[in-house]
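Please read the following briefing alongside the sequence and the coordinates.

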Amino acid sequence: MKGQAKCYEELREYCETVPLVDCHDHSVNLEPKYKDPILALKSGYFNSDIHSVTSEDDFRKLDNTDLSLEKRWPILEKAWKKTCHTGYAQVTRRVLKKFYGEDELTLAALKRMQGRLLDLSDEKTFDGILEEANIAVRLEDVWPNVGKVIRGTLKLTPRSRLVISLPRYHKICNYEDVQANVAPLGNIVDSLDAYLETCREIFKAHKKFGAVAFKDQSAYDRTLDYGNPTRTEAETIFNWFMEDPRRKAAYPNQTKPLDDYLFHEFMRMARDLNLPVQIHTGHMAGIRNDIVKANAILLTKVIELHRDVRFDLFHANWPYSGELLFLCKNYPNVTIDFCWANIIDPVYCQNMFKQALSCVPHGKIHGYGSDFVGCVDRTWAHAQIARENIAIALSDMVDIDYLSLDEAKEVAHRWLFTNANNFYRLGL
Ligand SMILES: [Zn+2]
């Protein structure tokens, strides 16, 4: 992408030189070792766009590597023609060009890729791509083996800092869920008090390991409208399933008061541990989810109640930019994080970056987070797109004399690096 403004190129080049804080990612392991050219290009988020233009039968066939490239290509070609202009497709195009030297997606290109597919299980290759993307540090939500966190033996992928994966600790529906969560400390709990105390110890151990934040993506399967139930309401549900290990409450409808209560208690722990909280808002990976329950505006009561907790609200709340701009403007404890959003919808982000500059303090914006599982080839492409989105937005604002080029560079630096470095106390 190219901006129209006179200073676009200079600003774009400047953004290249700024190291990135990758605010959000899921690289559990060094992976993948690509084996199939079609999967190397379509898996991950782009898969969702393909899914929305392909029959279920054809969609399954694309993943079936027992079928030859020739057999699957007509399905992919048909889908590509319908979806080759989305932000996700931009990632695919850039990966194709950068790592395989191909300008176009064709059957011949796929055949040439075979045999020289990236092996991202190789640490040098994996880290080399991060180096090329100029990513300084990555905040990783990797749902770790908690025992390894406690013992300090968990191995993270290069340049990573851990975040605490929170949903499982409040999404408890039965006796087993509870005991599984506390087992890494060697505990068995039989009361809500004991459960909360054990969770606190587990979170402390994460912080000791180096965790820099909590992360919660419960909006995938419940509303962000957290109520504020009494302890008795929560404890009634907890005691009901604990006294009979064969009972299981339905999530989220039957467990909501307990889930909500625990979430608030964990926000108090975040405050005590002085760790910010990352919350998934807006669009969800995959297709056929419900966006209404994931709108950040539903968090208003949580933000009001927990004034000492700093909330980094994710994915630019796509497609509800206005609500998130309001929350960030209105509440000192809210920041906007553009992780993932830069490729969900590049133009949305370009517009929102401009709007953010004109309505919220520029010190409250975090510009980038890759949000892939491994796949640093896509992380590299995503970083390029994020830098371009920011350069396009800010150079346009320079063009209308809203700010000077030097000021735009300072803002870009903050959005790509400084704000997140300070917010998460990364000490870089
Ligand atoms: Zn994510």
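Leu 139 has Arg 161, in strand 3, as its bridge partner. The model is a predicted one, in which local features need pLDDT of at least 70 and side-chain atom pairs count only at pLDDT 80 or more, while totals for chains, interfaces and linings use all residues. Residues are numbered from 1 along each chain, as its sequence is written. Helices (H or I, at least four residues) and strands (E, at least two) are DSSP runs that are numbered from the N terminus, and two strands pair if DSSP finds at least two bridges between them.

- Three strands make up an open sheet, ordered 1-2-3 and paired in parallel.
- Strand 1 (20-25) and strand 3 (160-162) are at the edges with a single partner strand each, so one side of each has no neighbour in the sheet.
- From one strand to the next, the twist averages 25°, where axes are lines fitted to C-alpha atoms (for helices over the stretch in contact) and angles run from 0 to 180 degrees between N-to-C directions.
- Strand 1 and strand 2 are paired in the parallel sense over four bridges, and Leu 20 stands opposite Ile 135 in strand 2.
- Strand 2 (residues 135-140) also pairs with strand 3, in the parallel sense and over three bridges, and Arg 138 stands opposite Ser 160 in strand 3.
- Five of the six residues of strand 2 are buried, and the strand is mostly covered; a residue counts as buried if 20 or more other C-beta atoms lie within 10 Å of its own, as exposed if 12 or fewer do, and as partly exposed in between, with C-beta atoms placed from the backbone.

- Strand 8 and strand 9 run parallel and are joined by two bridges, and Ile 336 stands opposite Ile 365 in strand 9.

- The domain assignment of the protein chain gives domain 1 (35-113) and domain 2 (123-423), with bounds that come from an automatic or database domain assignment.
- The centres of domain 1 and domain 2, taken over C-alpha atoms, are separated by 30 Å.
- The contact takes 13 residues from domain 1 and 16 residues from domain 2, two residues being in contact if their C-beta atoms, placed from the backbone, lie within 7 Å.
- On the side of domain 1 that touches domain 2, helix 3 (46-51) and helix 6 (87-100) each supply at least two residues, and the largest share of that side, eight residues, comes from helix 6.
- By class, the side of domain 1 that touches domain 2 has five nonpolar, six polar and two charged residues; Ala, Val, Leu, Ile, Met, Phe, Trp, Tyr, Cys and Pro count as nonpolar, Asp, Glu, Lys and Arg as charged, and the others, Gly among them, as polar.

**The buried face of helix 16**

- In helix 16 (residues 321-330), the residues Ser 321, Leu 324, Leu 327 and Cys 328 are buried.
- Seen down the axis of helix 16, the buried residues fall within an arc of 130°, so they line one face of the helix; the arc is that of the directions from the helix axis to the C-beta atoms.
- Among the elements that cover the buried residues of helix 16 are helix 15 (300-305), strand 7 (311-313), strand 8 (334-337) and helix 18 (346-359).

**Backbone exceptions**

- Most residues other than glycine have a negative phi, and most peptide bonds are trans.
- Glu 31 and Pro 32 are joined by a cis peptide bond with omega about -5°, and Pro 32 is in the loop between strand 1 and helix 2 (37-42).
- Tyr 251 and Pro 252 are likewise joined by a cis peptide bond, with omega about 0°, and Pro 252 is in the loop between helix 13 (231-242) and helix 14 (256-273).
- Arg 159, a residue other than glycine, has a positive phi near 65°; Arg 159 is in the loop between helix 9 (146-151) and strand 3, and counts as partly exposed with 17 C-beta neighbours inside 10 Å.
- Asn 317, which is not a glycine, has a positive phi of about 55°; Asn 317 is in the loop between strand 7 and helix 16, and counts as buried with 27 C-beta neighbours inside 10 Å.
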